[in-house]
Amino acid sequence: MESIDFFTLARALHVVRVVLWIGGVAFVTTILIPALKTKIKADQRLDLFELLEGRFAFQAKVVTVITGATGFYMLYVLDGWERYLQPQFWWIHLMTAVWLIFTIVLFILEPLFLHNWFHNQATKDSKNAFVWLHRMHKILLSLSLLTVFAAVAGSHGFSF
Ligand code: HEM
C-alpha cells in the first residue's frame with residue numbers, strides 16, 4: 001500500500017483555510033461595511049459592526065494559525081527554507097508577508113489598541129471612521145487576492 005501523501009493533504013487544507021479566510025474578508029469588505037455605511041443609522045452602526053466582526057475575528061484567528069502551520073509544514077517537507085533567499089520565489093514572500101500582516105493585526109494590534117482606538121473614533125465621528133475602515137479592508141482584500149493569484153501561478157511554474 002502506498003504511504004499517505006501528507007504534503008498534498010497539507011496543501012489541500014492550506015487552500016481550504018485560505019478560501020474561508022479571504023472569503024470572509026471579501027464579505028466584510030464588499031457586503032458588510034458598505035451596508036453598514038449606507039443602510040444603518042450612525043448610533044447603531046458600531047454595535048452591529050462589533051457584534052459581526054467580533055465573530056469573524058475569532059474564526060479568522062483559528063484560520064490564520066492553520067494556514068501558517070500548513071504553509072510552514074509544506075516548506076519543511078520541501079526543505080524549501082532557502083526559497084526565502086531566492087527572488088523567483090517572490091510569491092512565497094508575498095504569502096508569508098500577508099500572513100504576517102494578518103497575524104500582527106489579529107493577535108497583537110487588535111487586542112492591544114486597535115479595537116479601542118476604532119471604538120473611540122467611531123463614537124466621535126462614525127462616518128469618517130467607517131470610511132477609513134472600508135479603505136483598510138479594501139487594501140487587505142486586494143493584497144490577499146493578488147497573493148492567491150501569485151501563489152497558484154507561482155507554484156505551478158509561472159515566472160517572469
Ligand atoms: C506563513 C505563511 C505561508 C506559508 C509559509 C505558505 C507556504 C506555501 C507553500 C510551501 C505552498 C506550496 C508551494 C509549492 O507547492 O511549491 C503554498 C501553497 C499555496 N498558498 Fe501558501 N503559504 C502561506 C500563506 C498563504 C496565504 C496568506 C495565502 C493566501 C492569501 C496562501 C495561498 C496559497 C495558495 C492558494 C496555495 C496553493 C497553490 C496551488 O497549489 O495551486 N498561502 N503555500
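The following dialogue concerns a predicted model of a protein chain with a ligand.

Trainee: How do you know that the reach of helix 2 is close to the expected one?

Mentor: The expected span is 1.5 Å times one less than the number of residues. Helix 2 has 37 residues, for which 54 Å is expected at 1.5 Å a residue. From its first C-alpha to its last, helix 2 reaches 51 Å, which is close to that value.

Trainee: Which residues of helix 2 are buried, and what covers them?

Mentor: The buried residues are Phe 49, Glu 53, Ala 60, Val 63, Thr 67, Thr 70 and Gly 71. Their cover includes helix 1 and helix 3. Residues three or four places apart in an α-helix point the same way, because there are 3.6 residues a turn. In the chain of 160 residues, buried residues make up 18%.

Trainee: What makes a set of residues a nonpolar core, and which residues form the largest one?

Mentor: Its members must be buried, belong to the listed nonpolar kinds, and be joined through C-beta atoms within 7 Å. The largest such core has nine residues: Val 28, Ile 33, Leu 36, Phe 49, Phe 118, Ala 122, Ala 129, Phe 130 and Leu 133. Helix 1, helix 3 and helix 4 each give two or more residues to this core. Ile 33 touches Val 28, Phe 130 and Leu 133, among others, not counting residues up to four places away in sequence.

Trainee: Which residues are closest to the ligand, and how many surround it?

Mentor: The ligand is surrounded by 22 residues, and the closest are Gly 71, Met 74, Met 95, Trp 99 and Ala 151. Helix 1, helix 2, helix 3 and helix 4 each give two or more residues to this shell. By class, the shell has 12 nonpolar, nine polar and one charged residues.

Conventions. Residues numbered from 1 in each chain as written. Predicted model: local features only at pLDDT ≥ 70, side-chain atom pairs only at ≥ 80, totals over all residues. Near = placed C-beta within 6 Å. Helix = DSSP H or I, 4+ residues; strand = E, 2+ residues; numbered from the N terminus. Nonpolar A, V, L, I, M, F, W, Y, C, P; charged D, E, K, R; others polar. Buried ≥ 20, exposed ≤ 12 C-beta atoms within 10 Å, placed from the backbone. Contact = placed C-beta atoms within 7 Å.
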